[in-house]
Structure formats: structure tokens, C-alpha cells
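Here's a quick briefing to read alongside the model. Have the viewer open as you go.

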Amino acid sequence: MPVMPTRVIESHVGIDYRHFQVGSRGLHEPPRFPFDEMPSILTVVDNAVAVHSAVHVHHAAAVRMESWEIPPTTGGPDGADRDERQVVFDDDADEIVVYAQAPMATAPETGMLHLNAPGEYRVRAYRWGSNDAIAAYAADPDRQPDGIERFLIQFWRIGDITDHTTRHPGRGAPAEHQWDIAIRDWAQRQGFGPNPPAIG
Amino acid sequence: MTGYTGFISVVGDPAEPTIDAAGNVVVSSPPQRTGTAEEAVRVAARRNNVFDADPAQRDKLESWSRAIAAQTAAQPPQQLLDECLKQPGADSPGGHVLFRGFWCQKRTVHGGIIVNGKIEGEFWVDYRAAAIGNPFVRKTHVFFRGDDYRTEGTFSGWSTLGLKYECRVLTVGCTADKGFVTKDIGDWDDGDWVDWTMDSDERQSSQEPERVLRHILGLTGQAIDDFGRPTVTGSGDITGFRCDSANYFPSPLRCVFTDVIPRLNYNFGNGYDEVVHHIRKAQNQPAQTYPNYGTPKNIPGKWASDASQPPLTRVQYNGEDWKKNAAEKDRACDKQPPYTGPGQLPDFDKTTRQCDEYPFATTQQGAGKGDGNFSIQDVPKEQNGLAGNALQWYLEWDRILYKDLDNYWVKAG
């Protein structure tokens, strides 16, 4: 009996600033990726992952995200670019839920992928079709090469968060944003606060 | 009771009584505001309400944030209040907007009774005030605290003074949770904060889909001297605020103060210096940018100490304007027709560098507008990613609404 992912979502996701973002539902503000390394595909911060495209023009990539109980036994096609990182998801909820969107999008562009309990996860990414997308654009610059570059993103939980967990907090918020964070903290202490986001 | 008149105002306001040539006290009406977005920008520029973050202060601000988060009492965050009150405009008639989420003021309420053109009694109550635009609901919270008082003539510490904050001029949809709070004048300096909450009812807005309502906050007062003579009810406009229900923010309901210049500060030293250089060049030497047509360009978005330079306005991600901007930028960066002649961006290594554009794709003024007033430049891809991150944060932080509902400017370096 083949081992399969427990949950799967597929969708087209916009590429802007040559990447898209996978965020956890517990993320209440945009993730601040360090971007100071030259990743092959993945940059991680706590509760979010940036997935880098190899295509230099705007387009929508075909994205499949999978949730696994064990290290995945299937992957992308031969010749696909591959990268793997460790990421912490520490949402207050019992179950981690992630989605993908372009950096400037104001709402998720995929459905919600249910993972497992909060904890340390491995994330593995495969990327292929990038050269085909570049060639498609060169052949017809009036048409955005949507759905040609493809990504497979796989998540599986490896353990609880401990004192030894390696965290990736991301870059600090700009100075002025600290004030807004302070206002939000203040408002929540006064009994105001965000409603829990809807689960798709 | 007849034969007298009274006044109440805030010291230094345009409506503060004056003495005419005959030695009589003259009370005038305060000038009224219109509450439009354009007026807010003019007011903000006049008051120099522009937030300019100093990256070197980040550590201090982070410690403030922790301290503010620890506060539980219903009072304004002390650190923000202290920072706001030391700004030059805090003691002005309009107070100071520290940023779109916070306003403050330090002034004096002044009132008196006039008989036959002469003042028989007066009082002064020094105060500090602050207001917070609620980040989660359409409410604005206003706080007032008396610091000291003085009286003369027919007023004493046992005379009464009622004060309230209210919506003025643009009152549609705006209600306060309470009216006058009245105390003996001598009790206004007891150190307690008094607060009012302004509600903005989205159902009263005819604008779609953000359901924007603009309001003007005002302080109103009335006092009674020791002979039982009431002053007229005096008031003044203080600051503008706006509430919306824009569902393209993580918090779809919010109120913000509008008498402040919305400005994205792209400073050096934040990991995207080449992007800052690019925007500076686009704003200051546009004719030298790519694509270089050999003719002048007029690239908008520079804040030049007033609103004389055209602003940027935000468009929806993946909407019609955004798609046009993205497609045109890609054509220019990839040297596709019509960007095939001389003066195009030189080739660069696309594995390590990305093509940056200004104005941004998320503006109505981007490359897709078709007037040629845009610039492209290759920058290190990590810098472009960080700058994009900063833009993403800014649009949310300053709650920039789409199109003509909001303007913003960019300071580079």
C-alpha cells in the first residue's frame, strides 16, 4: 500500500519580487524574511517560508502543497531543483494551518492546508518548469507565462518546540512599526482584538 | 441672568478672545475645517506632522513596545504619550499626530465671564490629551487629564467646568459614548484620566467597498462661575480621523488620524541601499534613469516638505492596473518591444540581481500608466526582496487605502 500525503492543496500562486510566501494562519503581520543568503529555493522564518522562483518575470506558478505524517516518500520529477529546511510553527491553535500567496497579495491565493500540531517541521521544495516559463515569455512577451513553473512543497512534523529548537525570528520590524505593534498590544489589553481568521 | 457674556476656548486657538481698540473683549468663532483628505494633507504639512523613523532608535522603541504591552490600565500608552508631547506641534491648536495611530496635545482650557466688555472672572486648566485609533474596530479613544489650574475674579476652584470630546463638522455616523464630564475646576488636576470613545458607524457611509467615514475631533467645554453664570459653550476643531472597513487588511476595521503625511521612509542602512539609490535617482534625476528616452521624465511620489509633488496611490494586487504595471515593467526589463532602442537597461546577471521598478507595481502611477514616467534598475535580489518586504509592511502600517481614498509619498535616503 503506497504511503500518501494526508492532505493536499493545489492552486496558482502569484510570483512577485521573484518569490511567493507560505504563511501560517497564526501570522498576524507580514513575515520579515532575512533574504541575506542566496537560497536555492527556500528562506524560512518562524511561521513562514519564502519560496523562490527562477523566472525573472511576473507570473503565477502552479503550486502543490502536501502535509505528511512521515518524511515524504514521493517527490518532484527527475531534474527538479530541490531544497529542504527546518521551520518552526508555533501558532496558539491546536493545529497548524498554512496557505500561500504572492508577497503583495492581501489574501491567501490557495486554500488552507492543515498540518499537524505546533512544533518543528521540515519543509522540502521541488521546482521545475522554470526554463520553460522563461522560454514561453521570450516567445510571447505579451502573455504572462502562468502555470508553467511548478512547485511541490511538502511539510512534515519532526518534534516539539524545545529550548534547543533553532528559531528563525526574521529581521526586526522597522522602528515605526514597533509603535503600531504597541497600539495593537494596548487595544488587546483593553478587550479589543482580532477575530480568529476563518478556516477555508 | 442677563448683561454678561462668557467664553471658553483653548489658549492660543484662533477663537481665543482678543481685546479690541476700545478695550473690549472680543470673542470670535473658530474657523471650521472641511475634513477632506486634501485638507488633512495641507494641515499635516503646515504642522510638520511627518513621521521620520530613526533606525538607530529601534532598540529604544522595542523596549517601549514591551513596556506598553505590560500596561493594563485604561490610559494612553505612557511612552507614546511622552514621545508625542515632546514634539514641537504638541502644544499647537491641532496637537501632534505622532503617526496614524496616535495623536496628542498639551494645552490650556481658558474661560471667563465678560460684563460690559470687561472680564470679571477667568480660569485656566492646563491639560494633556491623547487619542488612539483602535486597530481592530471603528473606534477612536480620547483621553484627557488636567495637570494644573488657576482662577481669577468670579471663578474659583469650586466653580464647575464641563468638558467633552465630540465629533464636529463631519458628524455623520460618529457618536461619542458620553457627553460632558463635569467637575469642580479645582478637581480637574487630580491626575485621573477621563476618556471618551468615538464610534464610527459603517452603515452611515455611502462609499463602497471600504465604507470610509471622515470625522473631525473637537474639544467642547462650558463653565459656571461662583455667581452661577454659565459661559457659552465653546469648542474648537482639533484633529481629523478616518474610519474604514477595508477588507484587504488583516484587521478589516480601523480608525486612523489623517493630519499626518503618509510617507514611506526608505532609509539607508536597512539592507536595501541600492534600492534607495534607485528611488533617489528616479525622484531627483529622472531623465537619467532607464528606460532613457533622452527627454525629461516626471516621476511622482517624492515628498518635498509640502504636497506640491504628485503622490502615489495604491492599487489592488493582481488587479487591472497592477497587471498593466507588471507587464510593462517586464517588457522594459527584458528589452522587449518597444524597449529595444538605445537607452535601455544594460544586461545584468538575472540569477543574482532583480529588476526593480519605481513607482511600484502597486500604484496607479506605475509603468503601466503609459506615460513613460517610471524607472527600472537592476539591484541585488536580496535587496529587492527586503525593499518589497518594507513596502508590504508600510502599506499595512499606514493603512493605505486604494486609489484616490489615500495618497502617499516616498522618502529615499
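Helices (H or I, at least four residues) and strands (E, at least two) are DSSP runs, numbered from the N terminus. This is a predicted model, so local features need pLDDT of at least 70 and side-chain atom pairs count only at pLDDT 80 or more, while totals for chains, interfaces and linings use all residues. Residues are numbered from 1 along each chain as its sequence is written, chains are lettered from A and ligands numbered from 1 in the order in which they are written, and side-chain values use heavy atoms, with hydrogens and water left out.

**The annotated stretch of chain B**
- An unreviewed UniProt entry lists residues 313-392 of chain B as "domain: Deoxyribonuclease NucA/NucB"; such annotations may be inferred rather than shown by experiment, and positions follow the numbering used here, with feature names shortened.

**Where chains A and B meet**
- Chain A puts 52 residues into the contact and chain B 70 residues (contact means heavy atoms within 4.5 Å).
- About 5,300 Å² is buried between chain A and chain B, with carbon and sulfur atoms giving 63% of that area (buried area is the accessible area, 1.4 Å probe, that two parts lose on being put together, summed over both).
- On the chain A side, Tyr17(A), Trp179(A) and Trp186(A) lose the most area to chain B, together 17% of what that side buries.
- The rule finds one salt bridge across this interface (a side-chain nitrogen of Lys or Arg within 4 Å of a carboxyl oxygen of Asp or Glu).
- Arg331(B) and Asp142(A) pair up in a salt bridge through their side chains, at 3.2 Å from N to O.
- In chain A, the elements giving two or more residues to the side touching chain B are β1 (7-15), α1 (130-139) and α2 (175-189).
- The biggest giver is α2(A), with 15 residues.

**Buried spots in chain B**
- Thr239(B) lies in strand β13 (residues 234-244) of chain B.
- Thr239(B) counts as buried because its relative accessibility is 0% (buried means under 20% relative accessible area, exposed over 50%, partly exposed in between; 1.4 Å probe, protein chains only).
- Leaving out residues up to four places away in sequence, Thr239(B) touches several residues, among them Arg33(B), Trp103(B), His215(B) and Phe257(B).
- Helix α3 (residues 78-85) of chain B is largely enclosed by the rest of the structure, because six of its eight residues are buried.
- The buried residues in α3(B) include Gln79(B), Glu83(B) and Cys84(B).
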